[in-house]
Amino acid sequence: MGKRGRMSQEVNAGSMADIAFLLLIFFLVTTTIASDKGIMNILPPKQDPNEPPPEVDLNERNIFKISINLNDQYFIEDEVRQNIDGLSDEVKRFILNFGNPDEDAVALFNSLPPSLRGMAEQSPESSDHPMSGGAVISIKTNRGTSYEKYLEVLDLVKKAYFEIYGERVGLSGEEYRALTGQSAAEKELMDRGKENIPMAISIAEPDKIGN
Amino acid sequence: MSKFKKKTKAETNIPTSALPDIIFMLLFFFMVTTVLREQEILVEQKIPQATQLQKIQKKTLISYLYVGQPKNTSLYGTEPRIQANDVLINTSDIVLWVNQQKDALSEAERDQIWISLKADRDVKMGPISDIQFELREADARKLMYASVGKVENN
């Protein structure tokens with residue numbers, strides 16, 4: 001007994017690293033880091049078949065029309081485009097045009113930071129004001145349009161809104177987007193960012209016919 | 001030359017006794033983050049890229065719809081199909097599926113359900129809009145177009 005006790009009692013841990021490596025490689029291979037990320041979109045409520053869709057009386061100038069046809073060509077405000085570089089800025093300028101603001105919209109305008117106020121061109125051909133019933137972004141596709149192109153456009157429009165929201169509360173668009181609204185302070189920031197400027201993105205029913 | 005020789009005499013062994021600990025740490029990280037996929041994806045999944053991504057905090061609220069060309073084209077054809085859970089379904093089955101998913105949630109969370117649409121980038125807008133129409137019918141209006149991050153180049 002005595003002799004045995006004096007012998008080294010240590011477990012040989014040299015191969016521990018090998019075992020750990022093996023397990024590590026297994027998990028490395030099987031893992032798919034969950035990507036629960038995406039572009040959020042709230043669909044409109046379902047239509048009552050007995051009731052015709054509500055006629056929204058919007059002036060032509062209050063709608064920013066983006067359409068993508070069967071061949072993935074862009075038509076932005078009835079103009080053919082080869083690419084959509086700078087679309088996000090155009091959308092921003094459209095939203096913040098303040099062409100014909102009413103009293104509430106003037107109050108909203110005055111509450112905006114100077115950088116956003118500077119974007120107001122007050123062009124009579126563009127949107128009246130960004131409040132509800134004002135500027136609407138309409139995205140129309142064809143049934144043959146590829147999903148990727150549609151998402152690309154939606155992405156840019158969302159970017160414009162997030163940048164406006166962020167700028168109102170002194171954040172970048174990126175930072176605003178990362179807000180989760182879980183703490184009261186974050187929720188307050190989020191509410192303040194989008195107050196009176198609803199994300200008015202209208203996704204039209206796609207065309208069925210070619211072209 | 002003799003100058004260099006002197007230096008080489010120094011002990012150059014890197015202590016490796018902490019190696020298992022490091023490996024274990026990595027191992028635990030991957031064990032925790034890993035989600036073993038319990039269902040086989042039957043359709044092509046090349047998730048499109050986008051920049052304005054947002055994350056849903058409560059993962060239990062998310063239900064997934066996979067859309068894309070079937071991998072087994074000889075069995076299911078080449079037209080884009082919808083996969084829910086582990087079967088391919090038709091557009092008309094979506095309402096039923098949504099209601100099943102809602103039933104699995106608690107009463108209070110039922111109207112907060114998010115649908116994550118994992119569509120292949122080659123899918124056309126036709127099937128997508130059909131799905132959107134059905135989701136509106138099923139009153140599951142919170143839709144997320146699943147996409148992966150893209151590096152912005154501006």
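**Exercise 1. State the area buried between chain B and chain A, and the share given by carbon and sulfur atoms.**

Solution. The two chains bury about 5,100 Å² between them, and carbon and sulfur atoms give 60% of this area. Buried area is the accessible area (1.4 Å probe) that two parts lose on being put together, summed over both. On the chain B side, the residues that lose the most area to chain A are B:Gln52, B:Arg136 and B:Tyr145, together 17% of what that side buries. The contact (heavy atoms within 4.5 Å) takes 53 residues from chain B and 47 residues from chain A.

The model is predicted: local features need pLDDT of at least 70 and side-chain atom pairs count only at pLDDT 80 or more, while totals for chains, interfaces and linings use all residues. Residues are numbered from 1 along each chain as its sequence is written, chains are lettered from A in the order in which they are written, and side-chain values use heavy atoms, with hydrogens and water left out.

**Exercise 2. Count the salt bridges and the residue pairs in polar contact between chain B and chain A.**

Solution. Take a salt bridge as a side-chain nitrogen of Lys or Arg within 4 Å of a carboxyl oxygen of Asp or Glu. The count is two. A:Arg143 and B:Asp130 meet in a salt bridge through their side chains, at 2.8 Å from N to O.

Next, take a polar contact as a pair of N or O atoms within 3.5 Å; within protein, one must be able to donate a hydrogen and the other to accept it, and residues adjacent in sequence count only if both atoms are side-chain atoms. The count is 19 residue pairs, both residues at pLDDT 80 or more.

**Exercise 3. Give the strand order of the open sheet in chain A, and explain why one side of β4 and of β6 has no neighbour.**

Solution. The order is β4-β3-β2-β5-β6, with mixed pairing. β4 (79-81) and β6 (201-203) of chain A stand at the edges with a single partner strand each, so one side of each is left without a neighbour in the sheet. Inside the sheet, β2 (residues 63-68) and β5 (residues 136-141) of chain A pair in the parallel sense over six bridges. A:Ile63 stands opposite A:Val136 in β5(A).

Notes:
Two strands pair if DSSP finds at least two bridges between them. Helices (H or I, at least four residues) and strands (E, at least two) are DSSP runs, numbered from the N terminus.
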